[in-house]
Amino acid sequence: MISRVFIHRPKFAFVISILITLAGLLALRILPVNMYPDMAPPQIQVNASLPGASSQVVEEAVIRPVEQQLNGVEGMIYIESTASSDGTAKITLTFESGTDTDIAQVNVQNRVALAEPFLPDEVRRQGVVVSKQAGNMLMGINLTSERPDLDGVFLSNYASNNLVEALGRVPGVGSAEVMGAKDYSMRVWLDPRRMASLDVTVAEVAAALREQNQIVAAGKLGQPPVPAGQQFVYSIQTRERLSDPEEFAQTILRSRPDGGFVRLRDVGRIELGSRSYTSTAKLNNQDTAFLVIYQLPDANALEVAERVKALVDEASGSFPAGVNYTVLYDTTEFISRSISEVIVTLFQAVGLVILVVFLFLQNWRATLIPSIAIPVSLIGTFAVMSVLGYSINTITLFGLVLAIGIVVDDAIVVIENVERILAEEKLPIREAVTKAMAEVTGPVIATTLVLLAVFVPVAFMPGITGKLYQQFSVTISVAVIISSINALTLSPALCVALLGRSGDKAIGWLRPFEVLITRTTAGYSKLVVQLLRKGALVGVALVVILVAGAGLFKSVPSAFVPPEDQGFLFVDVQLPDAASLERTEAVLTKVTDMVLEDPAVTDFITVSGFSLLGGASSNNGLGIVMLKDWEEREDASLGLGAVIPRLYSRLWTIPEAQVMVFNPPPIPGLGTSSGFDFRLQDNQGRDVSELAQVMNGLIYEANQREELSRVYSTYRANIPQYLLEVERNKAKALGIELSDIFSTLQTQLGSLYVNDFTRFGKNYRVLLQAEGEFRQRPEDLSHYFVRNRDGDMVPLTTLASLQPVLGPSSIQHFNLKRSVTISGEAAAGFASGAGAASRVSLGITVLSGMVAATVLGTLLVPVFYKWIQSVRDRRQPAA
């Protein structure tokens, strides 16, 4: 018998349990803490840029060549891409769960290298970036200024120069970036009229800057091999690259016959400005730098947040006067609160289990035995979790809460059998424990295997759902195995050490409870006797219960994970097609005022020119609504179910824009918002307008269904645009290269990246672009000139024209086919309640199942046992 060794050597059992507990405590210190298990499939992202290009041009010139090479990379599940009207291309590859992201990134990088020869020169010059998609947006840091001279550009660059790199080195941080960044750039604002009058082209300006703003390696004097006798070697220094606007203004474009020069200042204005003016971040309508921290998938969210806060707090000591920081957007607050509540529940469950055991055993020393077995089983589970790479999250903690009532059963079985033998047979303690263990060892092992047969299969469920409940299953299974080991080793050893020959005397003040238990048992026995006489009726009742359960299973709404109140909301703002950034910022100002009026809101962060749903576009805006602490919102009117409709009712009164308020996804990394989204795919390469028509019809029909609510899409294919028509024959006849025409337009209307300059210890870009007054209307095309073969300046209006057309702001691909994303939510009554938490739903489900199993088991099992016994008796031959 297994337990005999530990009955005679109880210290051996104690050592085993102490080692299990120590291993669990050590693992507890290093286990990461997160809200949910890491189950989002790993992603690799490819980013490229072609400034000034439309979404169609980006799709044809960048997206398609790269996608064709990336398709089918090892381990890939699917590939998505977006070509935006701001000239950016983003391709996201999603890989199977468990894929090594480092290997996946190398494989993607190799495939991108095959596509680079087919990309435009400007794309290659700016670089194609392959990076691991960082985990969820963990937190955000807002830099604000009390001084009017320290504007948003200064704050953005201060954050980029002094915080981003330091935060990127924090363990567990995937990346840190400034949302709505305005990195410094040497902006050369060209005046097309002055360029025409001085006979200067864009190509000449770019060539002059490349020639006069460069780093030169001039070599050394005296470097071997040299004639004998050389005593010294001298390095030759050269003047560094230009760094000041005035230095750039002195750049010589051409020398005149009279000895003068045409300089850059003669054809444009030079300033230290922003690299991009397409996005602006604000906090409560005040300029801010919004620094976002992304977490690595396997990092401890709470520790990462603490390290980030400590670093920023230390760096704040050297902030310029008047610059302050606040951490408003912090998802770890919700994680910490959720974990704390589950831990409280865990201790409450332990206390209740010990109380129940004591009430029934009515023996202090007997109660101590399962009380010791519980922490050993639970703490030891953490050691196995650490080995398997799991984290402490609400799912694993809920598994431990549920396991508390299971791990105590084996110890109780041992104790009760020992006490029964002590009372009935009056044996010495070691003999009594030995005999008791001989009787219960088989049942203990059998019940453990039965429990494992229930929970282990859950660990092998496929897909994301299986990933969610895998740790739940393994946690319970490991706790059950350790409890079984304790029942065969620790419990008999404790029985020898703690229990007397006849046990302790009954506790007098528990006598009323004992009377209650006795009467309840007698009543249950009478009920069982009556049920045994009506076996057929019991069988019919069981069938009815099974049929009713199947019907309820089909009718009860289902959902993956219910939405949670995480303490913040997202707001998506979409203005009419082709609306300018100025209009978007004006609408966001109005939205901010309305949102801050809500009694549940504390702060509101906005980013113009960007949207979680619609991507980067001048008519899009993002808002993050920061809600009051949960304790301050216990009133139903301040709860999530009331705040969202109230914000909708206010924000929908804004006529200038469509405003959507949505809850963040309950599981970070899976989607952008709560609810669902799916892809409508075009497999026949139709025009984008046809895809938009089908999408609109589908959305209309979906919103008519009672099961669905707020089905929408941010995709638009009828945005006012202009089509450039170039008379190619005429251009060739005049000896004008088409590349000169397109380069001039790209530079003047978009921007041209020339080279870099160094300032504040960083490298920044030198960009050419026309002054704003020369790129407002189609008529401004008349200001641009190109040079023909005779050296004469030819206005572009004689070679090209702009025709108004309609087109998409962005083009999406799914598995290399054009697609659109449609989002929505299930209507009330067709999914879990909006205020319910996933762990609460899971807990109610499991608790209901346990109660039902207990009731049915105590009533039906005796009946079926009696029936089986009668069948067996009939089959046995008469003596």
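**View 1. Buried residues of helix α20.** The buried residues of α20 are L640, V643, I644, L647, Y648 and L651, where buried means under 20% relative accessible area, exposed over 50% and partly exposed in between (1.4 Å probe, protein chains only). Seen down the axis of α20, these residues fall within an arc of 130°, so they line one face of the helix; the arc is that of the directions from the helix axis to the C-beta atoms. Helix α20 (residues 640-651) has 12 residues and spans 16 Å from its first C-alpha to its last, close to the 16 Å expected at 1.5 Å a residue. The expected span of a helix is 1.5 Å times one less than its number of residues. The cover over the buried residues of α20 includes β17 (568-574), α19 (581-596), β19 (615-627), β20 (658-662) and β22 (708-712). Helices (H or I, at least four residues) and strands (E, at least two) are DSSP runs, numbered from the N terminus. This is a predicted model, in which local features need pLDDT of at least 70 and side-chain atom pairs count only at pLDDT 80 or more, while totals for chains, interfaces and linings use all residues. Residues are numbered from 1 along each chain as its sequence is written, and side-chain values use heavy atoms, with hydrogens and water left out.

**View 2. The antiparallel sheet β6-β15-β5-β16.** Four strands in this order form an open sheet with antiparallel pairing; two strands pair if DSSP finds at least two bridges between them. At the edges stand β6 (173-179) and β16 (323-326), each with a single partner strand, so one side of each is left without a neighbour in the sheet. From one strand to the next the twist averages 20°. Axes are lines fitted to C-alpha atoms, for helices over the stretch in contact, and angles run from 0 to 180 degrees between N-to-C directions. β6 and β15 (residues 289-295) run antiparallel and are joined by six bridges. A176 has I293 of β15 as its bridge partner.

View 3. Helix α6 (residues 152-168) lies across β5 (137-145), β6, β15 and β16, and runs at about 180° to β6. Helix α10 (residues 301-315) also packs on the sheet, touching β5, β6, β15 and β16. The direction of α10 makes about 15° with that of β5. Contact means heavy atoms within 4.5 Å.

**View 4. The mixed sheet β12-β7-β25-β24.** This open sheet has four strands and mixed pairing. Its edge strands, β12 (268-274) and β24 (752-759), each pair on one side only. The twist averages 25° from one strand to the next. Six bridges join β24 to β25, and the two run antiparallel. L752 stands opposite L768 in β25. Helix α6 lies across β7 (184-190) and β25, at about 150° to β25. Helix α8 (residues 202-212) packs on the sheet and touches β7, β24 and β25; its direction makes about 30° with that of β24.

**View 5. Surroundings of K762.** K762 is placed in strand β25 (residues 762-770). K762 is buried, with a relative accessible area of 18%. Its side chain makes a polar contact of 2.4 Å with the side chain of E165. A polar contact is a pair of N or O atoms within 3.5 Å; within protein, one must be able to donate a hydrogen and the other to accept it, and residues adjacent in sequence count only if both atoms are side-chain atoms. Neighbours within four places in sequence left aside, K762 is in contact with N161, E165 and F757.

**View 6. Surroundings of S17.** S17 lies in helix α2 (residues 10-30) and is buried, with a relative accessible area of 5%. Apart from neighbours within four places in sequence, S17 is in contact with V376, N486 and L490.

View 7. Most residues other than glycine have a negative phi, and most peptide bonds are trans. The peptide bond from P224 to P225 is cis, with omega near 0°; P225 is in the loop between β8 (220-221) and β9 (234-235). N285, a residue other than glycine, has a positive phi near 70° and is found in the loop between β13 (280-283) and β14 (286-287). K426 is not a glycine either, and its phi is positive at about 55°. K426 is in the loop between α13 (394-425) and α14 (429-455) and is partly exposed, with a relative accessible area of 43%.
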